[in-house]
Structures are given as structure tokens and as C-alpha cells.
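Subject: Structure handover

Hello,

Please find the structure below, as promised. My notes on it come after.

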Amino acid sequence: MFIGHFGVGFGAKKLAPEVSLGTLILAAQFVDLLFPLFVLLGLEALRVDPGNTRVVPIDFFRYPFTHSLATGVGWGLLLALGYFAVRRRARGALVVGLAVVSHWVLDWISHRPDMPLWPGGPRVGLGLWNSVAGTVIVEGAFFVLGVALYVRGTRARDRVGTWALWSLVGFLVVLYALNLMSPPPPDIDSFAWVGLAAWMFVPWGYWIDRHRTARAGVRSSHD
Ligand SMILES: [Zn+2]
């Protein structure tokens, strides 16, 4: 799943208005941000495999550290504790941790049964990626709902607050459409390097959030 995770990041603002969108995107996408690093380091592995599912031409055959449920919970704890250590906000820390774990759940819906419950454990997956229409509908719904919650829960402080947000939303939609239409990557290294570029969405989220105010009297704190 791709933009569905961003939907979670946006929507989580509703549960914890004091947490910056940048932190929420970092949390919801955290294991996918680590994944290309781990692949380039040789800790995890995948291969180009056209037809693996209708949507994604990749065989994710070894990714126990980023995409098992047990390590997902571990990363969630780590980020939640890190957030709490810096900000001392229990509710925000809980939402950050849950956003990290949500990644596994959303991927479990999308992937064929290649998602380990723990490293070396049984693999599960509902295989939504076997249907292009189903993928676009489910993922699109997560994304639209999340963005709607964020837009309703915050308001722009200035023009940057409007344009930074809508340029990110538009960029993600275009990227997603291109991704669905493009041929398989030439090799896994180029796939991983492109994946690393996704780190830019974290500072983009902080930038947006700094120019928007949470509604209902709760000030965003830009953390
Ligand atoms: Zn993932």
C-alpha cells in the first residue's frame, strides 16, 4: 500500500492534534522508509517479479525486520517512546505508536501472504493487490478520508498552509497513478533508491503543519 499510509498519517491528526503532520507521516510510513535502507544494506531482499500480483511486480520474499507484525509493534514502541521522551505527551505518543503499527495492518490487506507474523514465522496477507480496481478503491478511500479529516481539523495560517498541503496531496496522487501505470523497475537497487526519496515527505509534512493551526483551540506545536 502507498497512499493509504499517507491517509493514516493525515487522519491521525484528528486523534492527536498536538502532533505535527511530519511526525505522523514519519510514523505511518516508518517501516517503508527503513525498508529501502535495509535492502541496500543487504539485510532484507526482494526481486522484480512481473505478475507477482496485478498491482505490484515485486516478490517481497525476505523483509522480516520491517514488515513482520512483531517487529512492527517493536518499531511502534520505539517511536512512541522516542516521541514521549522528547514531548512528554502520552496521547501523542500512543497515536504515533499506533500509526507505526497501522502500516503492517494496511500492508496485510494489500500483500499476498508474504507478511510474516514474526521473523521466520507464518506469512499472511489478504491479497488486495490481485485486484487493480479493489486496490484503487480501498487505498483511495483511506487517502480521501484521511486528507478530509486533516483539512477539517486544521486551518491554513497563511497561503503556504494551503499550497504546501494541496501540492503534497496532488503530488501523491500523480505519483500513485504513475506507479500503477509504469512498467516494473529495471532492478531492485533502482527500486530502493527511488524508495529512499520518500523521506522527503517527512519534512514536507512538518512544513505544511507549521503553516496550519489545529482547530478547536488546540495549537499545533510543530514537533
Ligand atoms: Zn510497507
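This is a predicted model: local features need pLDDT of at least 70, side-chain atom pairs count only at pLDDT 80 or more; totals for chains, interfaces and linings use all residues.

Residues are numbered from 1 along each chain as its sequence is written, and side-chain values use heavy atoms, with hydrogens and water left out.

Overall fold

The protein contains 10 helices and 6 strands. Both are DSSP runs numbered from the N terminus: helices are H or I with at least four residues, strands are E with at least two. Along the principal axes, the C-alpha atoms of the protein fill a box of roughly 50 × 35 × 30 Å. The radius of gyration is 17 Å, which agrees with the value near 17 Å for a compact globule of 223 residues. That radius is taken over C-alpha atoms, and the globule rule is 2.2 Å times the number of residues to the power 0.38.

Of the 223 residues, 50% count as buried. Buried means under 20% relative accessible area, exposed means over 50%, and partly exposed is in between (1.4 Å probe, protein chains only). The accessible surface comes to about 10,400 Å², and 71% of this belongs to carbon and sulfur atoms. Areas come from the Shrake-Rupley method with a 1.4 Å probe; for residues, only the protein chains shown count as cover. Among contacts between residues at least 6 apart in sequence, 69% join residues at least 24 apart, where contact means heavy atoms within 4.5 Å.

Zinc site

The zinc ion is coordinated at 2.0 to 2.3 Å by Asp32 (OD), His67 (NE2), His103 (NE2) and Asp107 (OD). Donors are N, O and S atoms within 2.8 Å of the metal (3.2 Å for Na, K and Ca); water is not among the atoms, so sites may look incomplete. The arrangement is irregular because the 4 donor atoms subtend angles of 83 to 173° around the zinc ion. For reference, four donors count as tetrahedral if all angles lie between 85 and 135 degrees; four count as square planar and six as octahedral if opposite donors are over 155 degrees apart and all others between 65 and 115; anything else is irregular.

The donor residues follow the sequence spacing D-x34-H-x35-H-x3-D. His67 is buried at 2% relative accessibility, and Asp107 is buried at 1%.

Thr66 lies in helix 4 and is buried, with a relative accessible area of 1%. The Thr66 side chain makes polar contacts with the side chain of Glu44 at 2.7 Å and with that of the zinc donor His67 at 2.8 Å. A polar contact is a pair of N or O atoms within 3.5 Å; within protein, one must be able to donate a hydrogen and the other to accept it, and residues adjacent in sequence count only if both atoms are side-chain atoms. Beyond its neighbours within four places in sequence, Thr66 is in contact with residues including Val31, Leu34, Phe35 and Trp75.

Trp75 lies in helix 5 and is buried, with a relative accessible area of 19%. Leaving out residues up to four places away in sequence, Trp75 touches Phe30, Val31, Leu34, Phe38, Phe65, Thr66 and Val100.

Helix 2 and its cap

Helix 2 is largely enclosed by the rest of the structure, because 8 of its 8 residues are buried. They are Leu21, Gly22, Thr23, Leu24, Ile25, Leu26, Ala27 and Ala28. Ser20, in the loop between helix 1 (3–15) and helix 2 (21–28), caps the N-terminal end of helix 2, with a side-chain oxygen 3.1 Å from the backbone nitrogen of Gly22. Ser20 is buried, at a relative accessible area of 0%.

Two other residues

Arg88 sits in the loop between helix 5 (69–87) and helix 6 and counts as exposed at 60% relative accessibility. Phi of Arg88 is near 60°, a positive value in a residue other than glycine. Most residues other than glycine have a negative phi.

Gly140 is in helix 7 (residues 132–153) and is buried, with a relative accessible area of 19%.

Regards
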